[in-house]
Each structure stands twice: as structure tokens, then as C-alpha cells.
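Thanks for coming, everyone. I would like to walk through one structure this morning, so please have the sequence and the model open while I talk.

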Amino acid sequence: MVSSAMMNALTIDVEDYFQVSALAPFIARSQWDATPSRVERNVDLILGLLAERSANATFFTLGWIGDRYPQLVRRVADAGHEVASHGYGHQRATELDREAFLADIRLAKAVLEDITGEEVRGYRAPSFSIGRENEWAFDCIGEAGYAYSSSIYPIRHDHYGIPDAPRFPYRSREGLLEVPITTARFFSRNLPAGGGGYFRLMPYSMSRWFIRRVNGIEGRPAIFYFHPWELDPGQPRVEGIDAKTRFRHYLNLDRMQGRLRKLLADFEWGRVDRVFLAREVQ
Ligand SMILES: [Zn+2]
């Protein structure tokens, strides 16, 4: 089959394996600095995969990572990718009050801009943690000076998602574009087409079918996301976690690199600002 010529947006949430929200109950924040890091190795691996295809991406990076690995953030920017913000400390927006959330996203923006010397325009909430009950977060994102957010996955999931949110980019506030993670629509249901655990759980051909459908039938660019730790079967195992969390975190890590190579070969990939923002904001 001929691949679609439409440019889609590829995104990476740059955090280490021990910062994942689902593992938060098992690793204290105070242990982060003493835990062996894998993020540099894994991001460099991703940079290599993207370079093989001359593809670009947006890296939603934690301010915490920027403070510790500024040279990594510089490598990402120097390779032509967009550096965007994943907040500073990876606390879910639902865990913070308005003031603390605003401080967190302002700090991350300042840290990343200091490193690259370029404006950070995009933000993604940890674990898609903006929902009906904390839509004030959009006011904060605009107030902090971001031009877009990609913080909603319009699906049903036990940890995140607004199933009835718009499926395609929309103005959540004046001057602020929300770019929801891509879903495919079947029988009045939104199915995940934009990555996450599903991409490792389900056969690759399903994701390919869904994205082709969005590009071809709906005529829309897709936005897809993954994490550096998902390409790392050698990451240290976290002790004491429950079976469901263990299954979700460690499943098919050894297949991820091959699947990403296929995804990079089957579609055109670029940065969120170029795919979505350029056409919306003049
Ligand atoms: Zn995250």
C-alpha cells in the first residue's frame, strides 16, 4: 500500500521510567535523584531513529529533566526538533491547585527556554490530567504564555481521558489551541490511534489502519505519542508493583523499536508547531 503523504505530528514525553504516574505510588519523589537514569540513552536512541528517516518531532520535556540534562535538551533542539514542556515535576494537574499548577508550568517553560534560547510554545499535562473538573488549567496554560496544549486523549481509560472531548484541534481558550491525541471513530466510539499502552498491547497493523483512516477518510493529520522508557527493555525493574501496573509498564518493550521503525516508514512525521499551529495561528 502507498503511505499517506500527509504530515502527521510525532510527540515524545521526555521523562525517566521512574517518573511515570502509574509507578508514582512505588517510587518516592525524594528517590528520583538517587535512581539510575536511562533518559539520555533512550532519547539518543529516538534521535537516531528519527535521523534515519529525516523525520522531526516534538519533545514534551520535564523541567526536572532539563535542569539535570541540559545538553540532552540542546541535542534535541540542534537536531531540528521542537522542545516543548511537560511541566516541571510530573505532578498530575488534578493533584495541584491553580497556583501550584501555574508555578510548575511557568518554571518548566523558563528552564527549557534558558537552555535552547528559543520560545517554548507547547505544553502537555502529565498523564493527560486535564478533565471536566479542572478546566481552569487551560486558563493557566494561556496565562503562562503557551500557544498550544496537547493534554487531552478523548477516550475512556481508567486513569485519564475525556471521551466526549473534541477529536480534532480546537480553541480551548482565546489564543490557546488544544491538540487532542488522535482517535479513530468506530460505531460511535473513540478508539486510541495516537499511542500509549495500546500501541504496545495491540498489533501494529491496527494503529496503521486507524491513522490511515484519519488521514485518508477524515483528511486530518494525526498526533501520536510515546515515551523514551518504552524503548528500553533493559530498564531497572521497579520492585513491589501490582500485577496490572507491571503488565502495562513492561509489556512488549522489546518490540517497541521495531514498531516505531514501521510507523516512521509508513507515515510522514513532523513537529506539532509546524503540523498544527502554523495553519491555525497567524
Ligand atoms: Zn508524562
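Let me start with Arg 173, which at a relative accessible area of 27% is partly exposed, meaning that it falls between the buried class, under 20% relative accessible area, and the exposed class, over 50%, with a 1.4 Å probe and protein chains only. This is a predicted model, in which local features need pLDDT of at least 70 and side-chain atom pairs count only at pLDDT 80 or more, while totals for chains, interfaces and linings use all residues. Residues are numbered from 1 along each chain as its sequence is written, and side-chain values use heavy atoms, with hydrogens and water left out.

The partner of Arg 173 is Asp 139, and the two form a salt bridge whose closest N and O atoms are 2.5 Å apart; the term here requires a side-chain nitrogen of Lys or Arg within 4 Å of a carboxyl oxygen of Asp or Glu. Because Asp 139 lies in helix α5 (residues 136-143) and Arg 173 in strand β6 (residues 170-173), the pair ties together parts that are 34 residues apart in sequence. Helices (H or I, at least four residues) and strands (E, at least two) are DSSP runs, numbered from the N terminus. Asp 139 is itself partly exposed, at 29% relative accessibility.

How many salt bridges are there by this rule? The count comes to 16, and another of them joins Arg 75 to Glu 40, with the closest N and O atoms 3.1 Å apart. Arg 75 sits in helix α3 (residues 70-78) and Glu 40 in helix α1 (residues 39-53), so this pair ties together parts that are 35 residues apart in sequence. Arg 75 is partly exposed at 31% relative accessibility, and Glu 40 is partly exposed as well, with a relative accessible area of 24%.

Are Glu 230 and Arg 200, which also form a salt bridge, buried or exposed? Both are buried, and their closest N and O atoms are 2.7 Å apart. Glu 230 belongs to the loop between β10 (223-226) and α8 (243-250), and Arg 200 to helix α6 (residues 197-201), so the pair ties together parts that are 30 residues apart in sequence.

Next, Leu 176, which is placed in strand β7 (residues 176-178) and is buried at 0% relative accessibility. Leaving aside neighbours within four places in sequence, Leu 176 has contacts that include Phe 138, Ile 141 and Tyr 170, where contact means heavy atoms within 4.5 Å.

Finally, the chain as a whole has 10 helices and 11 strands. Of its 282 residues, 55% count as buried, and the C-alpha atoms fill a box of roughly 50 × 45 × 35 Å, taken along the principal axes. Among contacts between residues at least 6 apart in sequence, 77% join residues at least 24 apart.
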